[in-house]
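Here is a short briefing on charged side-chain pairs. Keep the structure open as you read.

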Amino acid sequence: SSHFCSSLSGICSRVRGVRAADLIVSMADEQSGPPSDNLFVTDLPVGLLEDQLREIFASYGEVVQTKLLPGATKTAALIRYSSAEDAKWLVENLNGNIPQGLETPVIVRFAQA
């Protein structure tokens with residue numbers, strides 16, 4: 001392992017400093033799943049709490065389940081709505097925009113199955 005890291009010099013130290021949630025966020029940023037009631041939201045503020053997340057996104061439809069994925073530089077979340085129609089509306093209308101209760105735009109995509 002140490003030989004492997006020394007041959008790749010700075011790469012291992014950079015990888016070691018990255019949290020798993022940040023990797024998940026960056027990988028999923030580029031991909032969208034098929035339309036469903038489950039959304040993947042990125043570019044949420046660091047330090048956002050689960051109850052704040054639920055309160056913000058409940059104003060757009062009936063939230064059934066939330067899962068916060070905190071990272072060092074970005075926070076992401078999985079948000080399940082009671083209907084695929086509510087989720088589709090958010091992807092079409094909130095993606096790239098600022099949700100009420102936040103100060104910066106978010107990325108909203110259908111979650112990977």
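Aspartate 37 is partly exposed, at 24% relative accessibility (buried is under 20% relative accessible area, exposed is over 50%, partly exposed lies in between; 1.4 Å probe, protein chains only). This is a predicted model: local features need pLDDT of at least 70, side-chain atom pairs count only at pLDDT 80 or more, and totals for chains, interfaces and linings use all residues. Residues are numbered from 1 along each chain as its sequence is written, and side-chain values use heavy atoms, with hydrogens and water left out.

- Arginine 80 pairs with aspartate 37, with the closest N and O atoms 2.8 Å apart.
- Arginine 80 sits in strand β3 (residues 75–81), and aspartate 37 in the loop between α3 (20–29) and β1, 43 residues apart. Helices (H or I, at least four residues) and strands (E, at least two) are DSSP runs, numbered from the N terminus.
- Arginine 80 is partly exposed, at 29%.
- Aspartate 43 and lysine 74 form a salt bridge at 3.5 Å, N to O.
- This pair joins strand β1 to the loop between β2 (63–70) and β3, 31 residues apart.
- Lysine 74 is partly exposed, at 27% relative accessibility.

**Salt bridge within a helix**

- Glutamate 92 bridges to lysine 88, with N and O 2.9 Å apart.
- Both lie in helix α5 (residues 84–93), 4 residues apart, so about one helical turn separates them.
- Glutamate 92 is exposed at 52%, while lysine 88 is partly exposed at 43%.

**Backbone at aspartate 43**

- Aspartate 43 belongs to strand β1 (residues 38–44) and is partly exposed at 28%.
- Aspartate 43 has a positive phi of about 65 degrees, although it is not a glycine.
- Most residues other than glycine have a negative phi.

Technical notes
A salt bridge is a side-chain nitrogen of Lys or Arg within 4 Å of a carboxyl oxygen of Asp or Glu.
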